[in-house]
Amino acid sequence: MAASIELCIAARDRYPERAVRCSIIPMLVSCLLVAPSAGAVELFVEAGSNGDGSASNPFGTVQAGVNAAAPGDIVTVRAGTYNEEVQTQVDGTAASPITIRAAPGGGEVLVTASGRVLRIFNAHHIVEGLVLDGQFGDRIPLDVDTGPFTMRSVELRNSSRDCMDIGDSVGVTVDSSSIHHCLNPTGGRTDAHGITGGPTRDLVIRDTDIHTFSGDAVQFDPGRACPGWDNILIEGCRFWLEPLPADVNGYSAGVVPGENALDTKVCPPSTNPNRHRITIRNTAAWGFRGGLISNMAAFNMKEHIEAVLDGITVFDSEIAFRLRGPGSRGGADVRLQNAVVYDVDTAVRYEDDIENLRVYNVTLGLDIGRGFQEASSNASVLEVLNLLALGGLPAEATDPSNMATDASVFVDAVGGDYHLADSSAPIDQGITIAAVDTDRDGTARPQGSAYDVGAYEHCATACAGAGGSGGFGAVGGVGGTGAVGGTGAVGGSGAVGGASGSPGTGGNPPGSGGGPPGSGGNASGTGGAGASAGSTGAGGTSSGAGGDAAGGSAATDPGSDAGCGCRAAGGNRNVGALGLALLGVGLLARHRKRPRR
């Protein structure tokens with residue numbers, strides 16, 4: 001308690017304008033911020049320091065900065081190594097989130113501990129630019145208990161458990177991050193997922209790489225908690241496995257440790273009759289073969305879900321899409337469109353009398369053992385339309401809109417570029433499908449007199465419609481890293497750079513996309529403009545849009561490839577003493593009720 005009082009007194013001395021009052025409530029020491037002044041405060045952290053959080057005399061630990069932060073504040077952590085476990089303390093607000101970020105342009109900020117590194121215990125936090133290393137400890141390094149929460153441009157690595165666990169939450173976003181080396185060696189191999197959790201809603205995983213795991217890149221929900229997860233969006237991501245180049249955390253070199261890119265498990269329909277919705281767009285998966293399980297698939301879609309997979313690329317895998325029908329936990333309802341699949345043993349395996357499987361405008365390329373595989377599904381009803389298959393058509397593709405072809409209709413099938421060549425046979429030979437009004441590049445369908453067959457719509461000149469990301473394609477150079485945004489004057493939330501450039505077109509593996517978004521401006525009365533997105537790998541196009549501002553919304557330009565990085569000025573934080581006191585009591589009750597893991 002004495003230590004808590006000292007921290008409170010230090011905060012009072014550091015921020016006299018906030019009228020910090022240190023109060024002892026039975027079994028609680030609290031700091032009440034009474035009628036704080038408008039505008040956010042930037043707190044600074046530097047390894048080895050022991051100051052008051054000012055720019056000239058920073059705190060010495062990330063936790064000290066987090067302890068002092070109030071809604072709207074930015075905790076800027078300077079380059080260095082921080083051996084500590086960090087936990088949030090108070091909620092931010094929708095208009096004034098609390099931001100914990102690496103100092104722009106200042107070098108790597110490594111926060112590391114054996115096991116848990118960061119626990120998000122409070123709503124409306126943003127973590128940006130940090131490296132979180134769990135040292136292969138026996139606890140989950142990033143534990144998100146609540147939302148909204150945004151993780152942006154973070155590297156999360158080295159866990160003997162799952163890397164990121166999301167609890168019962170709404171509005172979690174993982175953006176432009178890298179998650180890897182989630183490896184549990186127990187019993188020779190035990191599941192350790194990149195991202196997993198319980199009944200989360202409105203989860204977004206965007207422009208993120210997940211690789212080297214002993215479970216799945218993403219799995220929801222291993223515990224099948226009710227009422228279950230819903231409305232998950234995965235877009236612009238890359239999920240992969242490969243033989244380990246060296247021994248690591250109990251796994252031998254040469255082993256492919258994991259299972260799937262995505263695996264779905266849900267609350268049984270007897271408890272929740274509603275389907276659990278998930279959308280995956282413009283995402284690539286590879287390396288899902290030669291592992292420690294049978295029927296190894298990139299996308300293992302099962303149980304009572306409603307799934308849309310649009311613009312997916314799968315190669316170098318045993319099964320691209322394993323789509324499973326009813327059991328005691330229900331069966332999947334799946335729409336697969338604008339996909340490109342090559343170098344797989346099986347493109348689509350459908351099982352257990354799956355009830356509703358639609359395959360629209362998919363391209364099956366080189367080195368596919370079989371296009372479709374039926375497994376205990378004599379009663380399945382498949383709708384396969386506008387399928388373009390290099391070689392012969394699968395038996396399931398009976399509709400006249402489907403077409404067998406040779407490699408000459410593609411720009412460069414050997415190089416992985418399955419755009420249609422000029423004057424090729426699939427152009428204008430498809431049928432209209434209302435659900436597929438754009439191709440995998442975001443080009444409007446049709447460009448000619450009718451839909452083209454396959455994943456791409458051919459453009460004789462400039463394509464009409466909203467431009468999108470380039471397809472995953474030929475090996476391209478790594479996109480440049482986004483520029484760092486300038487620092488603004490103290491005020492509301494600062495700007496954030498546009499999204500990273502999309503990966504290049506063609507290739508195996510895909511060319512790396514543009515760099516991560518540039519760090520935005522610091523807290524500013526008028527938000528500084530965001531940094532520009534990085535350039536793409538070969539064949540791609542720049543893309544991305546600015547994020548929403550605290551207290552404002554992002555400017556958008558849906559018809560342009562370049563994203564806007566603009567933000568409105570941040571909001572005011574005038575809160576009365578009574579309201580904050582009641583908030584403190586609520587937080588106390590919340591901490592008492594929540595079990596700690």
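## E457 and its surroundings

The side chain of E457 gets to within reach of a backbone atom: the nitrogen of Q447, at 2.9 Å. This is a predicted model, and that distance is computed from it. E457 belongs to the loop that runs between β41 (417-420) and α3 (577-593).

Is E457 buried or exposed? Its relative accessible area is 4%, and the cut-off for buried is under 20%, so E457 counts as buried. Leaving aside residues up to four places away in sequence, E457 touches D439, T443, A444, R445, P446, Q447, G448, A450, Y451 and D452.

## The chain as a whole

Stepping back, the protein chain has three helices and 41 strands. It runs to 597 residues, and 57% of them count as buried. The exposed surface comes to about 21700 Å², with carbon and sulfur atoms supplying 51% of that area.

How much of the contact set comes from residues 24 or more positions apart? Taking contacts in the protein chain with a separation of 6 or more, such pairs account for 66%.

## The β18 to β19 loop

Two residues are worth a look in the loop between β18 (195-197) and β19 (204-206), starting with P199. P199 has a relative accessible area of 11%; buried means under 20%, so P199 is buried. Beyond residues up to four places away in sequence, P199 touches G167, D168, S169, D221, A225, G228 and W229. Take D221 from that list: P199 and D221 are 22 residues apart in sequence, yet their C-alpha atoms are 7.1 Å apart in space.

D202 is found in the loop between β18 and β19 too. D202 is not a glycine, but its phi is positive, at about 60°. With 35% relative accessibility, D202 counts as partly exposed.

Most residues other than glycine have a negative phi, and most peptide bonds are trans. Against that background, N338 is another one to check: its phi is positive, near 55°, and it is a residue other than glycine. N338 lies in the loop between β31 (333-337) and β32 (340-341). Its relative accessibility is 0%, so N338 counts as buried, whereas D202 counts as partly exposed.

Then there are the cis peptide bonds. One goes from G147 to P148, with omega near 0°, and P148 sits in the loop between β12 (142-144) and β13 (149-152). Another joins C226 and P227, with omega about 10°. P227 is in the loop between β21 (216-220) and β22 (232-235).

Which residues line the second largest cavity? They are V62, V86, I100, V111, V117, L118, L130 and L132.

Conventions
Residues are numbered from 1 along each chain as its sequence is written. This is a predicted model: local features need pLDDT of at least 70, side-chain atom pairs count only at pLDDT 80 or more; totals for chains, interfaces and linings use all residues. Side-chain values use heavy atoms; hydrogens and water are left out. On a 1 Å grid over the protein atoms alone, a cavity is a set of points where a 1.4 Å probe fits but cannot get out, and a pocket is an open set with protein on both sides within 12 Å along at least five of seven lines; lining residues have an atom within 4 Å of a point. Helices (H or I, at least four residues) and strands (E, at least two) are DSSP runs, numbered from the N terminus. Buried means under 20% relative accessible area, exposed over 50%, partly exposed in between (1.4 Å probe, protein chains only). Contact means heavy atoms within 4.5 Å. Accessible areas come from the Shrake-Rupley method with a 1.4 Å probe; for residues, only the protein chains shown count as cover. A polar contact is a pair of N or O atoms within 3.5 Å; within protein, one must be able to donate a hydrogen and the other to accept it, and residues adjacent in sequence count only if both atoms are side-chain atoms.
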